[in-house]
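Me: I have a protein model open here. Can you walk me through it, starting with the terms?

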Amino acid sequence: MLIGGGFSVLLCQPLDTIKVKMQTYPELYSNLFDCGVKTWKRQGIVGLYAGTVPSLAANVLENASLFMFYGMCQTVVQAVVSKPRVEDLTTFQNACAGGAAAFFTSFFLCPTELIKCQLQAMDEGRQIRMAANPTAATEAKIGSAKLIRNILKQEGLLGMFRGLSSTLIREMPGYFFFFGGYDFARRVLTKPGQSKDDIGSVKTVLCGGFAGVTCWAAVFPADVVKSRIQTGKSTAGFWKCLTTIARTEGVLALYNGLMPTLLRTFPASGSLFLAYELTKSSLETLIFHP
């Protein structure tokens, strides 16, 4: 599962980088292709893979903690609603377990997302500052380690959790729709008399892709706000930043970067759930049928 997640990050990182750039500096890019071409011309492939190291860390931490807490939250929900088995939970109940699990994963995810987003949008910030003050000394490029040291030195440990409220607002409803969408799609594709666990790999990938699209379509404005706050483009709180963007740039500005996100999330989420189901099935076989 971890290897699959790492491969997914390496394959889809350019789309994530384009997403963050479009969210943070929409005035510089007209669309997905414009952003990708301009980034390639300025920085080459290195620019498109900015923030890859924290992306890998975020992927490992988020997915490992997410599915662990999801299983725990499913057990809690099962006890609350007095169902005999976790498998008997409804789509809504599974969605609630997913949303609750995301509360815990947000604390792992926020620091790594902070570093990732700042590295991805760093070149644009440097361009704007140089344009405003052409006589200023050229800013040195820095990597993840130097950026972390700078944040800790200037803001302390709490600085690593800038955008935590935005992360929670994105993650909790996002994973409600993520796990709810996955369970809903599995039920739709399950034939009469068939178990959800027996729908096969292709349908599992389709269900996972549907879950990813559902998640991001539901919470994308929160992700735009998170990117603005974590990159330092906005120093306002979540709600003030959200309303300011809607008022000054228009509601559609809250969806800048949605296209590269949807292109990235369908295969990534599909492969994630396939890996999850295969891993779960293998572990159940080893434990209960050695």
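Me: Where does Ser269 lie?
Reply: Ser269 lies in helix α11, residues 258-288. Helices are DSSP runs of H or I with at least four residues, strands are runs of E with at least two, and both are numbered from the N terminus.

Me: Is Ser269 buried or exposed?
Reply: Ser269 counts as buried, because its relative accessibility is 6%. Buried means under 20% relative accessible area, exposed means over 50%, and partly exposed is in between (1.4 Å probe, protein chains only).

Me: Before I go on, what kind of model is this?
Reply: This is a predicted model: local features need pLDDT of at least 70, side-chain atom pairs count only at pLDDT 80 or more, and totals for chains, interfaces and linings use all residues. Residues are numbered from 1 along each chain as its sequence is written, and side-chain values use heavy atoms, with hydrogens and water left out.

Me: New topic. How many helices and strands are in the protein chain?
Reply: The protein chain has 11 helices and 0 strands. Along the sequence the pattern reads α-α-α-α-α-α-α-α-α-α-α.

Me: What about α4: what span should its 30 residues have?
Reply: They should span 44 Å at 1.5 Å a residue, and the end C-alpha atoms of α4 are 42 Å apart, which agrees. The expected span is 1.5 Å times one less than the number of residues.

Me: And what comes just after α4?
Reply: Ser82 does, with a positive phi of about 60°. Ser82 is not a glycine. Ser82 lies in the loop between α4 (52-81) and α5 (91-120).

Me: Is Ser82 buried or exposed?
Reply: Ser82 counts as exposed, because its relative accessibility is 61%.

Me: Zoom out. What radius of gyration does the protein chain have?
Reply: The protein chain has 20 Å; a compact globule of 290 residues would have a radius near 19 Å, so the two agree. The radius is taken over C-alpha atoms, and the globule rule is 2.2 Å times the number of residues to the power 0.38.

Me: What does the C-alpha trace span along its principal axes?
Reply: The trace spans about 70 × 40 × 35 Å.

Me: How many of the 290 residues count as buried?
Reply: 48% of them do.
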